[in-house]
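I opened my notebook to get to know a new structure. Here is what I looked up, entry by entry.

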Amino acid sequence: MDSQDASGQSAAGEPAADRTAGQDPLQLLQALKTLWPSREWLQLREEAWRGFAALDNPCAGLLDMLAGTGGWRVKGPSLEAWLICELHRWLQAQPGLRPPQGDQGLKQLQAQAVRVLAESPASLVEPLVSIFQLQDEDRGPLLVHVHHLRQEGKFKEALMLAMKLKLQPELDVEEMSTPLLLQDKLNLVECYVAGFPNLQKRLLTLMDSWCQPGFDINAIASTAPSRQHPKVACLKLGKLSPRELSRRVLCLQERFGLDAAELCPHAVAQQRLSALRYLCYKHFVEGSMTRENWVDHVQELVGQNRWLQEQLLQLLVTHSDIGTTAQCARDLLLPVELLPPAVAAKLGRLQLEERPAEVPFKDQRDHYYQLPIARGDICFLASWEDLAQHEAQLLRPDQVMGMDLEWRPSFGTGGRPRASLLQVAVEGRVFLLDLLGFSQLPPGGPAVQALCRLLSRLLSDPTITKLGYGMAGDLHSLGASFPGLVHVEKELQGGLDLMPVHKRMQMAKAPGVPRPGGPRGLSLLVQQVLGKPLDKSQQLSNWDRRPLREGQLIYAAADAYCLLEVHRVLCREPGRFHLTADLTESMRPGQSDRSASEVSGPPRQVPVATGLPPTPEVPARAFRVVCDNMLQGLARCLRCLGADVRVLGLGEDHREAAELARQEGRIILTSGLPYHKLQAQVRAGRCLSVDCSLKAQQQAMAVLKHFNVRVTLSDIFSRCQACNCDQYLKVSKDMMQHLLWLDGHQEGPSSTGAETTQSEDARESGLAPEETLGSCAYEPSCRWLEASDLRPSPPATLSNGTRLQLAGVPAGVLRRPGLHHFFCCPGCGKVFWEGSHLGRVARHFREILKEPLTQPAEPPRTEP
């Protein structure tokens with residue numbers, strides 16, 4: 001195993017360094033080869049470090065040792081790969097031995113090292129770069145290596161190497177990021193451009209170009225292999241639809257702090273189209289938005305954008321008849337040349353007619369809660385003088401007041417909502433504070449200072465009871481709008497949030513269970529306590545317009561004043577609503593929902609919106625449902641308990657849900673889709689509207705009780721929560737260690753010593769040691785993963801094409817005592833291991849488990 005050929009050249013292609021003194025590196029290599037089969041890591045390390053110290057130039061010696069063998073060129077455990085990692089550790093412990101940059105001998109070694117790097121697996125890149133200080137070397141050979149990795153289809157490895165060597169400014173961001181974007185690795189691409197504003201702009205421009213109308217992402221994904229875009233395997237195009245991609249683009253734009261209008265015009269247009277769809281649904285289908293408010297928002301969204309005007313016309317034709325479409329076109333000032341002929345003709349006739357007078361606001365809303373005070377008792381405070389005039393009444397001690405906040409809705413088009421109006425209701429009067437007007441004044445001016453001083457005194461006064469519904473969110477928005485109120489959440493005293501009180505009422509069988517399309521939130525609370533719901537038709541109005549409409553003023557006043565009347569009734573008759581006499585007991589703002597549930601106990605009824613009788617008992621693994629996209633948390637909980645759950649994608653609607661229910665015998669669970677339409681398309685009892693105000697675990701309990709589903713300990717984690725697959729493969733600890741090393745996620749065998757750090761254990765999400773629950777152990781029926789189940793070359797991929805997600809396995813798991821095997825999902829490649837999560841899930845759902853937790857679980861059925 002000579003290190004030189006007949007011409008005196010090393011195997012790396014450069015003249016070998018002179019060896020006039022010190023130990024021969026090949027003798028060190030031979031000594032380590034003798035010890036290698038024993039895998040005595042401590043002895044190997046001592047021998048290697050002693051040998052490194054005896055070499056004249058350890059870096060040159062490493063190249064000589066690598067020159068006569070090829071074990072370092074392939075992934076997998078080898079002496080040469082281990083030797084590289086050990087020299088890296090030794091040099092880190094001996095910082096003074098590194099030659100300075102510019103040294104002629106170092107330059108010769110770096111030239112050889114680049115050739116070694118070009119043939120090395122990804123796991124050796126970092127130690128080689130550090131050993132030979134390649135991050136400061138001439139960039140040309142390194143760039144060639146990056147391009148070489150791309151041509152081989154190793155896109156992630158190429159990008160990671162470029163990041164480690166800080167080569168981003170010298171590489172084309174489109175070439176580097178496109179393959180990874182097609183593989184749904186946006187987080188990795190985001191890290192790649194971090195700290196490079198020009199690259200961030202180019203990335204946003206690229207992604208925005210994919211959002212333009214008529215663009216087909218498959219055109220890029222199916223492009224023939226080329227030098228610029230080699231063929232990409234394992235495409236994941238589901239999250240690259242225009243709607244989803246535009247959302248991601250605008251999230252990136254906000255994180256980068258760049259101008260969306262300049263860099264992302266197509267993404268902005270796509271988000272506005274989504275907002276238009278939502279507004280048309282609210283106005284034409286739900287009927288919950290007035291024509292005035294709808295026109296306000298639609299005009300601002302569409303503007304003069306020709307494409308959005310065309311899309312809006314298509315929505316109008318879909319949701320309404322010709323007459324209504326013509327009226328909307330007139331109100332929105334849409335270009336006549338875009339209108340279909342029938343609509344244009346109807347518009348011409350309408351322009352000759354008088355516009356019908358609107359029905360007065362109050363006359364059409366008698367079945368809603370009515371504000372019990374006169375219009376003259378609603379005071380709009382827009383100046384410093386207004387605040388001074390009413391300060392004494394606002395700060396009067398020992399009073400009860402209702403508080404609410406309004407802001408202009410953005411409908412998902414980007415930007416954080418800015419507080420526009422603060423309503424403060426006291427007995428007999430409501431004060432509307434014009435926060436929008438104050439926010440437009442100089443921040444340090446006397447008016448803004450007076451506002452902040454007044455609100456700070458008001459909110460911190462413990463003698464004044466402040467009522468709210470979801471107070472934490474309102475206070476956070478208030479602090480975000482005015483720097484002088486940023487700590488107002490922490491300063492709050494005397495606050496009473498009626499939202500947890502309402503949840504307690506619902507858990508305790510309070511009257512008025514919500515129905516599909518019925519009132520929710522505060523409106524439902526007002527209906528349950530006062531007999532009539534709140535009219536929410538002005539909720540989504542433009543609160544930034546000035547002056548506010550009469551309907552907006554009355555709505556805003558009612559939203560705050562109803563809290564006073566609700567509080568009065570609850571204090572007078574707490575037993576009627578299953579409450580204690582002291583509403584403030586365990587119900588103050590900031591308390592977690594968990595504490596509220598502990599006070600009130602578990603739900604004793606199914607908090608869903610139908611009164612259908614429960615079905616006969618159904619085993620969990622035979623329970624099959626389809627959930628809409630808003631119930632993904634519920635879907636994961638049900639899969640966790642063994643149910644077969646399909647979830648609609650972002651582009652699917654109620655038609656797909658009904659079709660799946662009919663074809664596969666599934667039950668439809670919905671919180672946002674048209675419930676009555678779905679109910680009419682499936683058999684009775686096969687469609688359920690879920691209360692989305694509850695947490696996912698509470699929803700799961702409700703659904704399982706409603707359908708009388710039988711859950712046992714063996715059902716827990718019998719199905720993958722991510723992909724719904726109900727089969728696992730069992731992986732031995734040794735094979736998992738081997739696979740991690742092959743994929744470059746572990747440094748090598750030396751990293752599996754007995755030492756364990758607290759930080760590594762902390763990364764084992766949900767696996768901290770806890771008390772066990774009897775024999776509650778995880779033993780699903782599955783076979784062992786064998787070598788024949790894997791493709792022969794890395795990365796670790798099952799024979800069915802599923803790549804194992806090994807990056808999510810922290811190093812500390814391998815060193816956990818008592819953990820002997822793992823599980824992998826053949827459907828999505830996720831890797832699982834047994835921890836305390838099984839016991840926690842069993843405790844959370846103990847009420848519906850059909851066997852005691854101390855009873856032994858189902859006997860293991862795994863094959864040896």
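Predicted model: local features only at pLDDT ≥ 70, side-chain atom pairs only at ≥ 80, totals over all residues.

**Entry 1: a term I needed first.**

**Entry 2: the whole chain.** I began with the overall picture. The protein chain has 864 residues, and 49% of them count as buried. I found 36 helices and 16 strands listed for the protein chain. Then I looked at contacts between residues at least 6 apart in sequence, and 70% of these join residues at least 24 apart.

**Entry 3: α25 and α26.** How do the axes of α25 and α26 cross? I looked up helix α25, residues 498–507, and helix α26, residues 521–530; their axes come within 11 Å and cross at roughly 60°. The two helices are therefore oblique to each other. I noted the handedness too: α25 passes α26 in a left-handed crossing.

Next I listed who meets whom. From α25 come L498, H502, M505 and Q506, and from α26 come G521, L524, L525, Q528 and V529. Sorted by class, this contact has 5 nonpolar and 4 polar residues, with no charged ones.

Entry 4: I stayed with α26 and asked how many of its 10 residues are buried. The count is 7, so α26 is largely enclosed by the rest of the structure. I wrote down the buried ones: L522, S523, L524, L525, V526, Q528 and V529. What do they pack against? The buried residues of α26 pack against α25 and also against α27, residues 550–572.

**Entry 5: α10 and α11.** I moved to another pair of helices. Helix α10 covers residues 186–193 and helix α11 covers residues 197–209; they pack at an angle of about 145°, and their axes are 9 Å apart. The crossing of α10 and α11 is right-handed. On the α10 side, the contact is made by L186, V189 and V193, and on the α11 side by L199, Q200, L203 and M207. By class, I have 6 nonpolar residues and 1 polar residue here, and no charged ones.

**Entry 6: S177.** Is S177 buried or exposed? I first placed S177 in helix α9, residues 173–182. With 0% relative accessibility, S177 counts as buried. A polar atom of the S177 side chain lies 2.5 Å from the backbone oxygen of V173. Leaving aside residues up to four places away in sequence, S177 touches V189, L203 and L206.

**Entry 7: L167.** My last stop was a loop. L167 is found between α8, residues 155–164, and α9. At 0% relative accessibility, L167 counts as buried. Which residues does L167 touch? Not counting residues up to four places away in sequence, I listed R139, L142, L143, V146 and A162. I also checked L143 along the chain: L143 and L167 are 24 residues apart, with 7.6 Å between their C-alpha atoms.

Note on methods:
Residues numbered from 1 in each chain as written. Heavy atoms only, no water. Axes fitted to C-alpha atoms, helices over the stretch in contact; angles between N-to-C directions. Helix = DSSP H or I, 4+ residues; strand = E, 2+ residues; numbered from the N terminus. Parallel < 35°, antiparallel > 145°, perpendicular 65-115°, else oblique. Left-handed = near helix turned anticlockwise from the far one by under 90°. Contact = heavy atoms within 4.5 Å. Nonpolar A, V, L, I, M, F, W, Y, C, P; charged D, E, K, R; others polar. Buried < 20%, exposed > 50% of the residue type's maximum accessible area, 1.4 Å probe, protein only. Polar contact = N/O pair within 3.5 Å; in protein donor to acceptor, adjacent residues only side chain to side chain.
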